[in-house]
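Please look over the chain shown here before reading the notes, which move from helix packing to the strands and then to individual residues.

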Amino acid sequence: MREALSSTELKRHFIASATRAHFGLTVSPTEQCNFRCTYCYEEFVLERMSAAVYDALRLLVERTMPTVRTFSLAWFGGEPLLEWQRVGEFTDYCRALALTYGVHMPPATVPTNAWNLTSERLAYLAASGVGDFMISLDGEAAVHNQTRRLLSGRGSFERIYRNLLEARDALIDDPFRIILRLHLHQENQDSQRRLAEQLFIDFGHDPRFVVHPITLGDFGGPTVHTLKLLSGAQSAPVEAAIRSLFGPGRTVDLEQDEHTVCYAAKPNHILVRPNGRLAKCTSALGRDDNDVGRLEADGTLTIDADKALAWSFGFQTGHPDHLACPYHDKPAVQPLRFMRSIASA
């Protein structure tokens with residue numbers, strides 16, 4: 001567990017996370033998925049985003065860009081690349097507006113199971129401004145295929161790995177990065193060590209590919225307990241071995257960085273679901289306290305401020321764990337006054 005932040009550090013993080021000079025937007029173009037991973041918490045309730053919601057999103061971005069200095073875009077699902085053309089089109093639209101208004105916009109991010117990530121689609125998305133692709137692997141083929149299955153029940157490893165090799169070999173002009181999330185649980189640690197060795201052989205020379213060993217967590221759902229999960233301490237030796245194999249600069253640790261503030265904890269970040277409803281946390285789509293408002297047809301946001309700001313309770317407790325992942329410990333509702341008290345401290 002991380003140590004509590006000093007008042008100076010807390011204020012610095014709050015200012016960065018609440019300033020109106022930045023706006024962070026996560027878009028879920030569909031909550032459907034062509035996989036049924038055995039530990040997935042999602043319920044696959046909503047279909048693809050309608051044209052009307054996309055029109056409202058464009059108006060939201062048009063309203064926002066003239067008022068900010070930085071803008072970030074992330075994609076989520078379901079499987080976002082079931083809608084890969086819309087992902088590219090909307091990312092490119094946002095990038096063009098950012099350029100018009102002199103707004104800094106880093107490359108967009110997308111988590112994907114990579115089933116639809118052909119080299120041609122990768123090139124299209126990279127050219128549109130999508131820069132980071134987060135792809136999960138659960139071990140070597142026989143192990144991976146037990147947990148990351150298609151909707152039909154078939155395994156997925158072979159096609160994913162083929163797409164990764166084609167991405168490596170394709171002549172793609174625009175920059176991109178593929179983050180290989182190596183999920184760890186009690187029954188796949190040896191397989192993940194061996195997979196990491198193969199990944200190093202196949203991708204170790206290519207800096208566009210980095211690895212992210214990470215312990216699978218419990219974010220609900222009916223099937224996650226079919227796996228024997230690990231604590232951070234239990235997975236540490238395997239994570240350290242994989243990081244040592246790839247070396248500095250070739251691994252990332254998005255969840256464990258002591259300075260991380262989760263997007264859900266940031267007052268200036270919002271998730272737009274396919275039906276136009278607003279949320280804070282991508283891991284709590286079925287929770288009422290995560291339904292915080294709606295995107296209006298004219299591009300304005302109607303937000304229940306108390307429900308939305310409750311996800312920022314880590315700025316009141318000062319504890320880095322509450323800032324890094326408010327999902328597990330979040331109270332029901334938090335008063336607005338704590339936001340003002342930190343800002344004026």
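Predicted model: local features only at pLDDT ≥ 70, side-chain atom pairs only at ≥ 80, totals over all residues.

**Helix packing**

- The axes of α7 and helix α8 (residues 232-246) come within 10 Å and cross at roughly 10 degrees, where axes are lines fitted to C-alpha atoms, for helices over the stretch in contact, and angles run from 0 to 180 degrees between N-to-C directions.
- On the α7 side, Q189, Q192, R193, A196, E197, L199 and F200 meet Q234, S235, P237, V238, A241, I242, L245 and F246 of α8, contact meaning heavy atoms within 4.5 Å.
- By class, this contact of α7 with α8 has 9 nonpolar, 4 polar and 2 charged residues (Ala, Val, Leu, Ile, Met, Phe, Trp, Tyr, Cys and Pro count as nonpolar, Asp, Glu, Lys and Arg as charged, and the others, Gly among them, as polar).
- The axes of helix α6 (residues 157-169) and helix α7 (residues 189-203) come within 11 Å and cross at roughly 30 degrees, which makes α6 roughly parallel to α7.
- F157, Y161, L164, L165 and R168 of α6 make this contact with L195, Q198, L199, D202 and F203 of α7, and by class the contact has 7 nonpolar, 1 polar and 2 charged residues.

- Helices (H or I, at least four residues) and strands (E, at least two) are DSSP runs, numbered from the N terminus.
- In strand β4 (residues 130-137), 8 of the 8 residues are buried, so the strand is largely enclosed by the rest of the structure; buried means under 20% relative accessible area, exposed over 50% and partly exposed in between (1.4 Å probe, protein chains only).
- Strand β3 (residues 108-111) and β4 run parallel and are joined by 4 bridges, and the chain crosses from β3 through helix α4 (residues 119-128) to β4 in a right-handed β-α-β crossover.
- A crossover is right-handed if, with the strands pointing away from the viewer, the path from the first strand over the helix to the second runs clockwise.
- Strand β5 (residues 177-184) also runs parallel to β4, with 6 bridges joining them, and I178 in β5 is the bridge partner of F133.

**L137**

- L137 lies in strand β4 and is buried, with a relative accessible area of 0%.
- Leaving aside neighbours within four places in sequence, L137 is in contact with residues including F157, L164, L195 and L199.
- The C-alpha atoms of L137 and L195 are separated by 9.0 Å, although the two residues are 58 residues apart along the chain.

**Backbone features in loops**

- F44, in the loop between β1 (22-27) and α2 (51-64), has a positive phi of about 55 degrees although it is not a glycine, and at 17% relative accessibility F44 counts as buried.
- A114, in the loop between β3 and α4, has a positive phi near 70 degrees and is buried, with a relative accessible area of 1%.
- A cis peptide bond with omega of about 5 degrees joins G77 and G78, and G78 is in the loop between β2 (70-75) and α3 (84-101).

Key
Residues numbered from 1 in each chain as written. Heavy atoms only, no water. Pairing = 2+ DSSP bridges. Parallel < 35°, antiparallel > 145°, perpendicular 65-115°, else oblique.
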